[in-house]
Amino acid sequence: MKRFLAAAAGGVVAGLLVTTQIAGPLLAQETERKVNVYEQLDLFGDIFERIRAQYVEEVDEADLIEAAINGMLTSLDPHSSYLSPDDAEDMRVQTRGEFGGLGIEVTQEDGFVKVVSPIDDTPADAAGIEAGDFITHVDNESVLGLTLDQAVEMMRGPVGSEIIITVVREGEPEPFDVSIIRDTIKLTAVRTRTVGDSVVLRVTTFNNQTTPNLEAGFKKQVEELGGMDNVNGIVLDLRNNPGGLLNQAIMVSDSFLEKGEIVSTRGRDPQDGERYNAEPGDLAEGKPIVVLINGGSASASEIVAGALQDHRRAIVVGTKSFGKGSVQTVMPLRGEGAMRLTTSRYYTPSGRSIQALGVSPDIVVEQPRRNPTTTEDEEEANNQRIRGEADLRGSLNNDSLTEDEIRQIEEDRAKAEDAAELREEDYQLAYAIDILKGLSALGPKE
């Protein structure tokens with residue numbers, strides 16, 4: 001027994017000795033790391049003083065500090081940045097839905113400014129800027145090597161002034177210049193219309209007006225169609241939607257889901273994770289939904305598409321989305337500035353991250369580019385209606401249908417012809433409408 005106790009005691013002592021031997025180097029490493037951090041801060045102070053005292057031109061000390069802060073943040077990822085007081089106010093104004101500029105959402109890739117998406121009915125949209133375009137020069141000055149904020153600052157200017165941007169586009173052999181006149185950008189978060197028996201909800205951004213606009217616009221279109229019984233489905237158009245507020249993405253998703261998770265966010269600390277769930281109530285009352293996305297659909301729009309896709313509530317049509325699966329938190333700083341810091345990643349209900357991968361559509365449909373070389377004669381030949389039996393002189397009438405039935409057939413044919421015209425204008429949207437028609441055709445007859 002004494003031997004056993006002695007052995008046990010020896011084991012405890014040995015254990016304490018081993019623990020001390022391991023913990024000692026760890027504490028030393030931690031202390032050394034802190035010393036290195038303070039040494040680096042001293043180095044920063046030395047460089048700051050050298051620049052202030054010996055740089056060839058006098059520099060603004062506040063600008064130096066701001067550039068250092070911004071450099072620290074932009075080194076993390078393309079979406080973290082420092083917002084000066086003016087930039088912070090611009091961001092707050094944009095969230096409210098009206099601001100001055102070109103009307104493009106941009107990011108940075110390989111040192112160049114990349115267009116995430118042009119915003120509907122803005123100068124950039126009217127000038128033909130497309131999602132995926134690279135901006136290499138602004139007014140003949142290269143943006144290579146600049147931070148994203150510096151490049152954006154070059155594109156700012158008074159409303160009504162002209163800017164020349166040089167664009168590199170996939171499929172184009174040479175860069176080309178685009179002239180744009182700056183204007184006041186007024187964002188209409190949601191535009192609604194009907195195409196046949198389908199309600200089209202075009203969501204351009206996720207700001208404070210998005211959910212109220214969507215609900216009011218949807219209700220109006222349903223009333224114009226004579227009630228939900230006359231609606232065959234909804235097209236939720238998220239193409240070229242650069243995103244916006246996370247809470248609005250959650251609310252829009254919740255509008256069409258009865259239950260279940262919408263999105264989850266996970267930060268560095270697992271305890272900081274959040275899950276957002278749908279509450280009962282489906283704005284569309286179970287009607288089929290087609291979601292349209294493309295390479296300009298980013299962030300909040302990917303949350304909506306991913307949630308509806310994972311819950312099998314919608315068919316996603318188009319091309320792969322942008323792939324921005326991170327969440328930025330805007331933190332106010334002293335002096336009315338702010339810091340935009342990436343604090344978490346978001347995940348769809350199935351647990352998949354969209355970061356760098358995007359949302360893959362259920363049905364891939366490319367938007368064909370219109371051929372500008374088509375001649376008027378070719379268009380007339382394409383539009384010429386094929387003659388049928390009814391066009392022949394003296395043809396027999398159809399005696400199996402009433403006049404009302406014939407009128408209904410003619411109205412249905414007119415809708416089909418309108419849909420055919422829509423394919424020339426917007427092939428992806430026409431494809432979505434066709435899907436809803438097909439789904440309604442399979443439903444039970446009443």
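Me: In what order do the six strands of the open sheet lie?
Reply: Please keep in mind that this is a predicted model. Six strands make up an open sheet whose pairing is mixed, and its edge strands, which each pair on one side only, are strand 10 (190-195) and strand 19 (363-364).

Me: At about what angle does the direction of helix 8 stand to that of strand 16?
Reply: Helix 8 (residues 300-310) packs on the sheet, where it touches strand 12, strand 15 (289-293) and strand 16 (314-318). Taking the direction of helix 8 together with that of strand 16, the angle comes to about 130°.

Me: And which strand does helix 11 run at about 165° to?
Reply: Helix 11 (residues 427-441) lies across strand 10, strand 11, strand 12, strand 15, strand 16 and strand 19. The angle of about 165° is given by helix 11 together with strand 15.

Me: How many residues apart in sequence are the parts that the pair Asp87 and Arg156 ties together?
Reply: The side chains of Asp87 and Arg156 meet in a salt bridge, with 2.9 Å from N to O. Asp87 belongs to helix 3 (residues 85-96), whereas Arg156 sits in the loop between helix 5 (148-155) and strand 7 (162-168), so the parts that this pair ties together are separated in sequence by 69 residues.

Me: Is Asp87 buried or exposed?
Reply: A residue counts as buried when its relative accessible area is under 20%. Asp87 has a relative accessibility of 16%, so the word for Asp87 is buried.

Me: How far apart are the closest N and O atoms of Glu153 and Arg156?
Reply: Arg156 is partly exposed at 34% relative accessibility, and Glu153 is partly exposed as well, with a relative accessible area of 46%. These two residues form a salt bridge, and the distance between their closest N and O atoms is 3.0 Å.

Me: How many salt bridges does a search of the whole structure find?
Reply: Some salt bridges are linked in a network, which takes in Asp120, Asp121, Arg191, Arg202, Asp237, Arg239 and Asp426. When the whole structure is searched, the number of salt bridges found is 17.

Me: Which residues form a nonpolar patch with about 320 Å² of accessible area together?
Reply: One member is found in helix 1 (residues 2-54), namely Tyr38, and Tyr38 is exposed, with a relative accessible area of 57%. The patch lies on the surface, and its residues are Val37, Tyr38 and Leu41.

Me: Finally, what share of the residues of the protein chain count as buried?
Reply: The protein chain holds 11 helices and 19 strands, and its accessible surface comes to about 26900 Å², of which 51% belongs to carbon and sulfur atoms. Of its 446 residues, the share that counts as buried is 35%.

Technical notes
Residues are numbered from 1 along each chain as its sequence is written. This is a predicted model: local features need pLDDT of at least 70, side-chain atom pairs count only at pLDDT 80 or more; totals for chains, interfaces and linings use all residues. Side-chain values use heavy atoms; hydrogens and water are left out. Patches are made of residues with over 30% relative accessible area and no salt bridge: like charges are joined within 9 Å, nonpolar side chains (Val, Leu, Ile, Met, Phe, Trp, Tyr) within 5 Å. Accessible areas come from the Shrake-Rupley method with a 1.4 Å probe; for residues, only the protein chains shown count as cover. A salt bridge is a side-chain nitrogen of Lys or Arg within 4 Å of a carboxyl oxygen of Asp or Glu. Helices (H or I, at least four residues) and strands (E, at least two) are DSSP runs, numbered from the N terminus. Buried means under 20% relative accessible area, exposed over 50%, partly exposed in between (1.4 Å probe, protein chains only). Two strands pair if DSSP finds at least two bridges between them. Contact means heavy atoms within 4.5 Å. Axes are lines fitted to C-alpha atoms, for helices over the stretch in contact, and angles run from 0 to 180 degrees between N-to-C directions.
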